[in-house]
Amino acid sequence: MSEIVTIKNDFLTVEINSMGAELHSVKNAEGKDLLWNGDPAVWAGRAPILFPVCGGLKDDKYIHNGKEYHLPKHGFAKLYEYEIKEASNDHAVFCLASNEELKKMYPFDFKFVVSFTLCRNSVIIEYRVENLSDGKMYFSFGSHEAYATPEGIEEYSVIFDMPLTLYNHLVDGKYSAINSTLLIENKNEIPLKRDFFIHDALIFLDIDFKAATLLHRASGRKIRVDFDGFKNFLVWTKPDAKYICFEPWCGTPDGETCDGILSHKHSISVCEPNKHFSRRHTITFD
């Protein structure tokens with residue numbers, strides 16, 4: 001049975017589901033939930049964690065050391081119960097460890113540790129991959145938090161800290177396409193439109209920015225996400241849904257022309273034996 005762990009301070013009350021170590025709710029001091037509610041009639045997710053791949057694999061499979069393995073889109077980390085390692089007033093730690101079942105899909109010995117820490121009006125989420133195997137471990141991970149946009153996404157903008165020129169890398173079905181389209185040129189704002197998400201997500205690869213802010217233009221309400229060290233950034237929703245996802249990823253979907261070898265994947269991360277790899281992102285609710 002999954003368990004809901006609650007951490008809180010004077011600014012935020014945060015619930016985390018041990019199933020998938022997924023954020024379940026983030027309420028401000030007034031009791032307003034700032035996350036999407038996971039309505040299964042629209043999209044049952046709230047903030048799934050992606051590991052050991054982000055996005056889809058070509059034909060849902062990959063090759064490692066000459067052997068073929070199968071993984072679902074976004075991997076398996078969101079589908080399994082995590083062990084609760086710590087739970088205090090403002091801090092919680094969850095761990096998913098390799099086992100025989102998981103090694104049929106992903107042939108590495110590992111620990112995947114996710115921690116949540118409150119600091120005033122911010123939630124700091126850290127991902128730590130520990131390689132317990134004898135050889136190099138190849139992996140991706142990413143976040144997928146869905147923020148509530150009750151007024152509709154077209155009343156919101158994505159704001160960057162500096163003017164940027166950004167190309168959206170299109171998705172053709174489940175695969176990342178080779179071609180891309182210019183989205184903004186020397187601007188720091190993307191006013192959101194439903195049409196952006198008719199096919200899938202906005203995908204920004206090999207980014208040189210480290211933060212993005214979701215701004216409700218009429219009220220000035222903001223959610224800022226800082227993600228230093230992540231290689232790619234996605235924005236996603238379903239057309240006409242009342243949420244928007246900000247997704248810092250260390251990974252990408254397969255392209256249609258990829259060779260399927262895990263170590264050749266674009267943006268793949270690697271961890272040496274008996275070492276660890278970690279990244280964190282911070283969500284600040286203003």
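Is Lys-103 buried, partly exposed or exposed? In this predicted model, Lys-103 is partly exposed, since its relative accessible area is 26%. Its side chain meets that of Asp-109 in a salt bridge, with N and O 3.0 Å apart. Asp-109 is partly exposed as well, at a relative accessible area of 30%.

The chain is built from one helix and 21 strands. Its radius of gyration is 18 Å, which agrees with the value near 19 Å that a compact globule of 286 residues would have. Buried residues account for 52% of the 286 residues. Of the contacts between residues at least 6 apart in sequence, 63% join residues at least 24 apart.

Leu-166 sits in strand 13, which covers residues 156-172. With a relative accessibility of 7%, Leu-166 counts as buried because the cut-off for that class is under 20%. Beyond its neighbours within four places in sequence, Leu-166 has contacts that include Phe-160, Leu-182, Ile-190, Phe-204 and Phe-209. By contrast, Ala-148 is 18 residues away along the chain, and the C-alpha atoms of Leu-166 and Ala-148 are separated by 25 Å.

Across the whole structure, a search finds 13 salt bridges. One of them joins the side chains of Asp-161 and Arg-224, at 2.9 Å from N to O. This pair links distant parts of the chain, with Asp-161 in strand 13 and Arg-224 in strand 17 (residues 222-226), 63 residues apart. Asp-161 is exposed, with a relative accessible area of 52%, whereas Arg-224 is partly exposed at 26%.

Another salt bridge forms between Asp-240 and Arg-194, whose closest N and O atoms are 2.9 Å apart. Asp-240 lies in the loop between strand 18 and strand 19, and Arg-194 in the loop between strand 14 and strand 15, so the pair ties together parts that are 46 residues apart in sequence. Asp-240 counts as exposed at 58% relative accessibility, while Arg-194 is partly exposed at 39%. Salt bridges with shared partners join Glu-154, Arg-194 and Asp-240 into one network. Arg-194 is also in contact with Ile-153.

Note on methods: Residues numbered from 1 in each chain as written. Predicted model: local features only at pLDDT ≥ 70, side-chain atom pairs only at ≥ 80, totals over all residues. Heavy atoms only, no water. Helix = DSSP H or I, 4+ residues; strand = E, 2+ residues; numbered from the N terminus. Rg over C-alpha atoms; globule rule 2.2 N^0.38 Å. Buried < 20%, exposed > 50% of the residue type's maximum accessible area, 1.4 Å probe, protein only. Contact = heavy atoms within 4.5 Å. Salt bridge = Lys/Arg side-chain N within 4 Å of Asp/Glu carboxyl O.
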